Amino acid sequence: MAKDTSFGKRSSEKPQKVDGISKSVAFASVLLVAEALLVSLIIYFVPYTKIDWDAYMSQVTGFLDGERDYMNLKGDTGPLVYPAGFLYVYSAIKFVTAGQVFPAQILFGALYIVNLAVVLLIYQKTELPWWTLVLLCLSKRVHSIFMLRLFNDCVAMALLHAALALLLYQKWHSALIVFSAAVSVKMNVLLFAPPLLLLMLKALSIKGILSTLSCAALIQVLLGLPFLLSHPMSYISRAFNLGRVFIHFWSVNFKFVPEDIFTSKEFACSLLVIHLTLLLVFSHFKWCKNEGGLLNLMRSRVHDATSKLSNIHQFTSCKPRVHILHKQHIATVMFVGNFIGIICARSLHYQFYSWYFFSLPYLLWKTPFPTIIRMLLFAGVELCWNVYPSSSCSSLLLLFIHIIILWGLWISPIEHPYVGEESHSKG
């Protein structure tokens, strides 16, 4: 079977059209209609599963009753551990639904369709083969996460995908604002932060980077202001706790690791080191190959910054430089960077599948594997996520598949990042 190794050839070809509409656009439209019907059937006929909804409503009720101390905002599953954006979103949901599950399911069904539409737009811009879009609709687990569980992961990832779509249109300030809003709902979005920062280094001047980061920081301050003014330490320690230890039983990815090792600081630190190492290796040898490596890119940006900062008037008055990045390169760096974080996460719970499922077809088609292998890998990931409870075998298989995909991404052709500039290196 012939290998379909890259997007490069497709990007120079005009999409096949049927009556003036590209096949991918027509197929995406059909998928959205079919998914809307499926979502309706799921909501009406599949029983809702109670997990976190009551806890969310309890936490929101405390907030609406005037409580501003995060230590006192709790639910039946434990204390509130999400930033302030979560409270605003679910307060609005409670207002619209009166705290009832069925209307909330309808809202999340609509959110699922909107999120899918945004993801399909991203795939349109990165030119995946049109027929592979159907893979985005084939996850039993993801449908369950949205319509039958009502997790805040759904809201966070919908905002993240919106931010990514804005990045594809080079709307950096708007993208960072939406990205920050996504972080305020759930901090898993921070897995996208390292690749996002790298893209900013490649595309923006120091002035542009400072400006966009300031917008993102301002959103966090404004959303957290009621808590920062009253109980700042309580808010920061609870909402931005990066050292949480998850329960071994619920781990989908490292169930095969003995519990005493799983909960140890040594295991957590080892995964963090692997995570950072993989990010650095991919950044230096893959994503920054065109610039001569990560160190060379950073050196050039430092030189640019120091030369302009030496003249404050020049720094404040100059127009920010913007390099236009290829949409495919943006999507690759963001999706692969997040995927590396997924592989190195100490614990993946079932709702965490939504953190990377919508990037799976893209990641698989970035590898040089034959199509049949890609399809088997996709099916294998979905199978592992539908084993309940997870087992040592299922978690080990999931890790094995993840590593195969990452290897495929490593050996894939290197993309040229910039629009309108000739590549100085061959992929």
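The loop between helix 18 (371-385) and helix 19 (392-410) holds P389, where helices are DSSP runs of H or I with at least four residues, numbered from the N terminus. In this predicted model, local features need pLDDT of at least 70 and side-chain atom pairs count only at pLDDT 80 or more, whereas totals for chains, interfaces and linings use all residues. Residues are numbered from 1 along each chain as its sequence is written, and side-chain values use heavy atoms, with hydrogens and water left out. A cis peptide bond, with omega about -10 degrees, links Y388 to P389. Although A98 is not a glycine, its phi is positive, at about 60 degrees. Most residues other than glycine have a negative phi, and most peptide bonds are trans.

Two packed helices are described by the angle between their axes and the distance between the axes. Helix 5 (residues 101-126) and helix 16 have axes that come within 8 Å and cross at roughly 125 degrees; axes are lines fitted to C-alpha atoms over the stretch in contact, and angles run from 0 to 180 degrees between N-to-C directions. Helix 5 and helix 16 are therefore oblique to each other, a term for angles that are not under 35 degrees (roughly parallel), over 145 (roughly antiparallel) or 65 to 115 (roughly perpendicular). From helix 5, I122, K125 and T126 meet K327, Q328, A331 and F335 of helix 16, contact being heavy atoms within 4.5 Å. These residues comprise three nonpolar, two polar and two charged; Ala, Val, Leu, Ile, Met, Phe, Trp, Tyr, Cys and Pro count as nonpolar, Asp, Glu, Lys and Arg as charged, and the others, Gly among them, as polar.

The axes of helix 5 and helix 6 (residues 140-149) come within 7 Å, crossing at roughly 140 degrees, and these two helices are therefore oblique to each other. Their contact involves Q105, F108, G109, L111, Y112 and N115 of helix 5 together with V142, H143, F146, M147 and L148 of helix 6.

The lining of the largest cavity receives at least two residues from each of helix 13 (265-287) and helix 16 (327-344); a cavity is a set of points on a 1 Å grid over the protein atoms alone where a 1.4 Å probe fits but cannot get out, and lining residues have an atom within 4 Å of a point. Six nonpolar, three polar and three charged residues form this lining, including W287, H329 and E415.

Notes: 1 Å grid on protein atoms, 1.4 Å probe; cavity = no way out; pocket = protein on both sides within 12 Å on 5 of 7 lines; lining within 4 Å.
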